[in-house]
Amino acid sequence: MKKLLVTSLTALMMISCHQQQENPLLGEFNTPFGVPPFEQIKTEHYMPAFEEAIKQHNAEIEAIVNNPEAPTFKNTIEPLEFSGLLLSRINLIFSSLTEADTNDELQAIAKEISPKLTEHYDNISLNDKLFQRIKTVYDNRENEGLDTEQMKVLENHYKDFVRAGALLSEAAKDSLREINKELAMLSIQFGDNALAESNAFQLVIDNKADLAGLPEAVVAAAADEAAARNLSGKWVFTLDAPSRIPFLQYADNRALREKVYKAYISKGDNDNEYDNKKIVSQIVNLRLKKANLLGFKSYADFALDDRMAKTDENVNNLLKRVWDAAVPRAKEEVADMQKIIDAEGGNFKLAPWDWWYYAEKVRKAKYDLNEDELKPYFSLDNVREGAFMVANKLYGITITELKDVPVYHPDVRAFEVKDADGKHLAVFYTDYFPRPSKRSGAWMYNFREAYVQDGNEVRPIVYNVANFTKPTGDTPALLTIDEVQTLFHEFGHALHGMLTRCHYPSVSGTNVARDFVELPSQINEHWATHPEVLKLYAKHYQTGEVIPDSLIEKLEAASKFNQGFITTELIAASILDMRWHEITEAKEYDVRQFEKEVAQSIGLIDEITFRYRSTYFSHIFTNDYCAGYYSYTWAEVLDADAFDAFIEHGIFDPATAKAFRENILEKGGSEDPMKLYRQFRGADPNPDALLRSRGLK
């Protein structure tokens, strides 16, 4: 029997070694810094790799569960933390590509593997023997001699298992498993539908008169898009932000602006094969059912229990405070634009598809500022180097391009990040241009988390993805101010991921409370347009001339411009998210009617719609911002107050930067977020800082 067992194990090891040789996802990555060998990974490698990694993860969990020794942090929590690293690595690569460079084959694999992964992680979270070991350690935590990070890791695991259903009856656990599987599949379908709807629309213009008002660069980009779609000699506009927003901002043809605008806000709501209305209703009902199973009256109660805000009352109080300041300003902005419409002899009332167009006219009239004057100073390479320069001046890090590193798409660039002492900190990828294989928006994530295992420090592999204006002809990518701020924003997330000094992957980098994670990203935006910083990187792409003081002054004067609109649509979307997740009754919801009732209840003015309508609100229906979109506003209280500290001492003050790095960026989720904030700031954040930063107070 023993000989047979040894023979079987040897055979399994041989099979595993063979799989590793054949499948690049399963072996060591023999690449610079251990980055993914993208050029070797083929679509057919993913499913076998997932299946093998799930087997290995199960074996690691069984080893913990069957350990005959009494449960301790060392023999239970630590091995749990470092279990499943292979599966995590594969999933990080796969999920990253399904977001940034997907195709039909990857989407099919996602639908196949998603329920399997959900079942796998449910099997772990609902493993009673494993939970009992965790509970034993948790109950004995004061006698374990744990440091602060270890205590937080232990508390997180215990709470995560409870929130995952560890205390439920077997029947309730079975129900929860089915809910989780169904939610996983619905989220994938929602995202696929939203992407398909975006890709399905194109505005083809063949009459040059319909381009009136559009800047040369926008027209050139539309011509390039048309050529790429075999429509040479015409112009094509899409729903990607770099195409859609300039069209709404500058196109004189009001009927075409309306067409583009309505196509965007009706994504997922066209009663076709990509319609998301039923999926929205199914998701919110399933989330309610899950929350009820776990002892909460609504999904919002369940979600917020694990965040800084804690209760929907706290969230709604903040949103109302900002809403009450923003709406009157938005109404003033409407009046300003209506005056221009009337003066021009327009016989119509301002509509949502007019806002960008007439806001641009108001900006020009009030501040003599045309964004086309600014864009030549914001070439993508200069802006990116500006973000790198700020990080160098604040934290001493250096970032240099890597030419010998595999990338998953030709648009992607890779960089090495080193600390002030020359020590390697991270690999950083950028992927900045839109394409049909990429979902909309901008985001940061990892191909590898940072952690320390058996004394060996593993540093992160981080990436930023965006959908910025593309180069046209000999002209480089020239960014709008919004795109400049987005680049700095996402790089702020990247810094959070790259500078972490945590030992355990579950609390490393951006693994923090949802309403804390936006602090590092949003505070980084403040440097983007600060006059002192602009002088460092905003240089004309043709002449190298530094942006003149006259333009900086105009930019500063206009910095609070249109904040009524910007804030109102942001808060409206946050409220819509909360209302979906505050429901306490499961039923078939009419999505359009639900949105209408929410808009009426808060007094959303007719000229503004939700930033994201429910049918393409991917933050809350495909990502984990559900009952959490408010976190941008919550974190803005923190970031506005935190930047005040830099203003008080100097925007590159070494002591302030050191305190922010050590207490916020390096700590990840290893301590209570408010405690970390107080350690940095020396006090609680002042909510008035947010209103001041938006010019609403």
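**Figure 1. A hairpin formed by strands E4 and E5.** E4 and E5 make a hairpin in which 5 residues lie between the two strands, and Gly422 in the turn has a positive phi of about 90°. Helices (H or I, at least four residues) and strands (E, at least two) are DSSP runs, numbered from the N terminus. This is a predicted model, in which local features need pLDDT of at least 70 and side-chain atom pairs count only at pLDDT 80 or more, while totals for chains, interfaces and linings use all residues. Residues are numbered from 1 along each chain as its sequence is written, and side-chain values use heavy atoms, with hydrogens and water left out. E4 and E5 run antiparallel and are joined by 6 bridges; two strands pair if DSSP finds at least two bridges between them. Within this pair, Phe415 stands opposite Phe428 in E5.

**Figure 2. The open sheet of 5 strands.** The strands follow the order E3-E4-E5-E9-E6, with mixed pairing. Strand E3 (398–402) and strand E6 (443–448) stand at the edges; each has a single partner strand, so one side of each is left without a neighbour in the sheet. From one strand to the next, the twist averages 30°. Such angles run from 0 to 180 degrees between N-to-C directions, and axes are lines fitted to C-alpha atoms, for helices over the stretch in contact. Strands of a sheet pair through backbone hydrogen bonds, either parallel or antiparallel.

Figure 3. E3 and E4 run antiparallel, joined by 5 bridges. Thr400 stands opposite Glu416 in E4.

Figure 4. The buried residues of H17 include Leu380, Val383, Arg384, Phe388 and Tyr395, where buried means under 20% relative accessible area, exposed over 50%, and partly exposed in between (1.4 Å probe, protein chains only). Gly396, whose phi is positive and near 80°, follows H17.

**Figure 5. The packing of helix H25 with helix H26.** The axes of H25 (residues 631–649) and H26 (residues 654–665) come within 9 Å and cross at roughly 160°. That crossing makes H25 roughly antiparallel to H26; angles under 35 degrees count as roughly parallel, over 145 as roughly antiparallel, 65 to 115 as roughly perpendicular and the rest as oblique. In the contact, Ala645, Phe646 and His649 of H25 meet Thr656, Ala657 and Phe660 of H26. These residues divide into 4 nonpolar, 2 polar and no charged. Ala, Val, Leu, Ile, Met, Phe, Trp, Tyr, Cys and Pro count as nonpolar, Asp, Glu, Lys and Arg as charged, and the others, Gly among them, as polar.

**Figure 6. Two asparagine residues with positive phi.** Most residues other than glycine have a negative phi. Asn230, with phi near 60°, has its place in the loop between helix H9 (216–228) and strand E2 (235–237). Asn562, with phi near 65°, is found in the loop between helix H21 (549–557) and helix H22 (563–581). Asn230 counts as exposed because its relative accessibility is 72%, whereas Asn562, at 10%, counts as buried.

**Figure 7. The loop residue Gln202 and its surroundings.** Gln202 is found in the loop between helix H8 (170–200) and strand E1 (203–205). With a relative accessible area of 33%, Gln202 is partly exposed. Residues up to four places away in sequence aside, Gln202 touches Arg229, Leu231, Val236 and Phe237. Gln202 and Ala263 are 61 residues apart along the chain, and their C-alpha atoms are separated by 9.4 Å.

Methods. Contact = heavy atoms within 4.5 Å.
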